[in-house]
Amino acid sequence: MQKTFYIETFGCQMNAHDSEKVVGTLLATGYSQVETVEEANYVFYNTCSIRDKAEQKVFHRLDTFKKAAGGGKVFAVLGCVAQQEGEKIFAKAPHVSLVAGSASYTKLPQMLVQLEAGNRRVTGLSFDTDEAFDTPYTRRDNPHRAYLTIIEGCDKSCAYCVVPFTRGPERSRTSQSVLEEGRRLAADGYTEIQLLGQNVNSYRDPSPVGWDFATLLSKVGEIPGMRRVRFTTSHPRDFVKPIIDAIDENPNLCNHVHLPVQSGSTRVLAAMQRLYTRDQYMQRIEWMKNARRPIAITTDIIVGFPGETETDFEDTLKLLDEVRYDSLFAFKYSVRPNTAALTMPGQIPEEEKTRRIQIVLERQRAIQIRLNSDLIGNVEEVLVEGQNKALGQWIGRTSQHRPLNFASQPGESLLGTYLPVRVTRAGPNSLVGERVTPVV
Ligand code: SAH
Ligand code: SF4
Ligand code: F3S
């Protein structure tokens with residue numbers, strides 16, 4: 001059988017990067033990638049179960065794959081729904097042959113051998129591995145920015161969240177292997193690294209040097225040729241001042257921190273088991289506001305957590321006004337299997353969650369319009385990441401992670417370059433500017 005595969009990916013950057021590693025492993029094993037389900041012999045579906053009716057959506061998609069694809073294909077379900085639903089997937093979608101969660105991907109080569117041998121049911125669902133999925137074979141999608149995993153899994157137990165169940169306990173990579181991969185990326189021409197983990201702040205080097213996250217971050221920032229280093233996600237409880245000191249000391253460390261708060265009410269934070277109070281969170285914001293370079297701060301908000309009163313919700317709105325986030329993601333609380341919040345009293349009706357999320361988004365939009373307008377006239381360095389041919393613009397991104405676009409000239413090729421751009425117009429979600437001609 002010819003070995004062609006198709007892969008479809010949902011979810012966070014960790015999942016996107018896992019798929020890059022899966023693709024690399026498949027290519028190294030003699031498979032070739034195709035763009036449609038129809039052309040493929042092997043169909044991989046890397047799933048996310050963070051919100052909504054993730055499980056139903058997966059089964060629906062698997063059904064569509066099957067109908068569109070005809071017979072004779074091998075179907076594999078990976079990622080968080082695979083881990084969560086396990087062997088139940090075989091019962092509901094009998095055409096599936098492989099079900100594996102991310103904590104088992106180190107065994108992927110063996111699983112592939114079993115699939116090729118014609119095994120009808122292969123699973124990788126245990127959490128017994130204490131290694132991270134650290135493979136030499138990664139096929140990265142973006143030619144300039146590379147994801148680099150430093151820690152996998154999560155040891156927290158936020159009451160609403162499936163991730164500890166779907167990605168298992170925390171496993172940190174050795175600092176040596178992180179730095180080696182970083183240097184390889186620089187040699188391959190990457191200039192931006194994004195360090196990844198569900199909670200990068202609880203990184204702890206398993207080798208004898210025992211570096212913490214701030215130390216690792218500084219060292220990655222010193223890799224010659226690496227101009228931008230980002231990291232996500234930060235848990236406020238483990239977010240310590242030395243991280244800000246590291247950003248202060250090295251301009252290669254981007255002045256952007258994503259620090260999910262979830263709620264502005266200490267009462268709700270306790271019910272969520274977030275392990276910090278509003279005041280403790282605000283102290284971290286203070287550190288950032290006092291940094292030498294202005295640090296862009298972004299966050300995640302959940303509205304309508306069980307028991308969230310109107311007063312709690314207003315506390316969240318007040319927090320938005322106080323912090324003035326540069327951007328945020330807002331979500332309606334969504335009931336997830338296995339989680340502590342599943343059976344909590346005081347579930348909020350859907351219409352009320354919709355009302356609250358709209359208020360959050362409107363309030364935040366007004367804040368972003370003001371913040372972005374204040375940037376008009378500034379000159380910012382952008383990394384040119386893409387082109388919008390219809391608008392005749394290059395798409396750039398600043399160190400603060402803001403999109404800053406500027407006019408393109410016919411025939412020029414600027415992808416991957418760093419350029420100074422003066423901001424001339426501001427919208428709620430992006431900036432427009434013009435290139436500053438360097439003074440010769
Ligand atoms: N490890 C990251 C979160 C990963 S999930 C962290 O701790 O910040 C990304 C975001 O999804 C979370 O920050 C949260 O805002 C949201 N989220 C997670 N579970 C959710 C649920 N059950 N309902 C609604 N939003 C949820
Ligand atoms: Fe989920 Fe909380 Fe872990 Fe983030 S820290 S992945 S929200 S359990
Ligand atoms: Fe989704 Fe799993 Fe990431 S649930 S958000 S793919 S960790």
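**Helices, domains and ligands**

Modeller: Helix H11 passes helix H12 in a right-handed crossing, where right-handed means that the near helix is turned clockwise from the far one by less than a right angle. Helices here are DSSP runs of H or I with at least four residues, numbered from the N terminus.

Biologist: Which residues make the contact of H11 with H12?

Modeller: From H11 they are Arg278, Tyr281, Met282, Ile285 and Lys289, and from H12 they are Asp315, Lys318, Leu319, Glu322 and Val323. Contact means heavy atoms within 4.5 Å.

Biologist: And how do those residues divide by class?

Modeller: There are five nonpolar, no polar and five charged. Ala, Val, Leu, Ile, Met, Phe, Trp, Tyr, Cys and Pro count as nonpolar, Asp, Glu, Lys and Arg as charged, and the others, Gly among them, as polar.

Biologist: Before we go on, what should I know about the model?

Modeller: It is a predicted model, where local features need pLDDT of at least 70, side-chain atom pairs count only at pLDDT 80 or more, and totals for chains, interfaces and linings use all residues. Residues are numbered from 1 along each chain as its sequence is written, chains are lettered from A and ligands numbered from 1 in the order in which they are written, and side-chain values use heavy atoms, leaving out hydrogens and water.

Biologist: Back to helices: what does H12 meet in H13?

Modeller: Glu310, Phe313, Leu317, Leu320 and Asp321 of H12 meet Glu352, Arg355, Arg356, Ile359, Val360, Arg363 and Ile367 of H13. That contact has six nonpolar, no polar and six charged residues.

Biologist: Switching topic, how is the protein divided into domains?

Modeller: Into domain 1 (4–126), domain 2 (131–373) and domain 3 (379–435), with bounds from an automatic or database domain assignment. The C-alpha centres of domain 2 and domain 3 lie 26 Å apart, and their contact takes 21 residues from domain 2 and 20 residues from domain 3.

Biologist: Where does ligand 3 lie?

Modeller: Ligand 3 lies between domain 1 and domain 2, because both give residues to its shell. Around ligand 3 are Cys12, Asn15, Cys48, Ser49, Ile50, Cys80, Val163, Arg167 and Gln198, each with a heavy atom within 4 Å of the molecule.

Biologist: What surrounds ligand 2?

Modeller: Cys154, Lys156, Cys158, Tyr160, Cys161, Val163, Pro164, Gln198, His235 and Arg274 do. By class, that shell has six nonpolar, two polar and two charged residues.

Definitions and conventions: Helix = DSSP H or I, 4+ residues; strand = E, 2+ residues; numbered from the N terminus.
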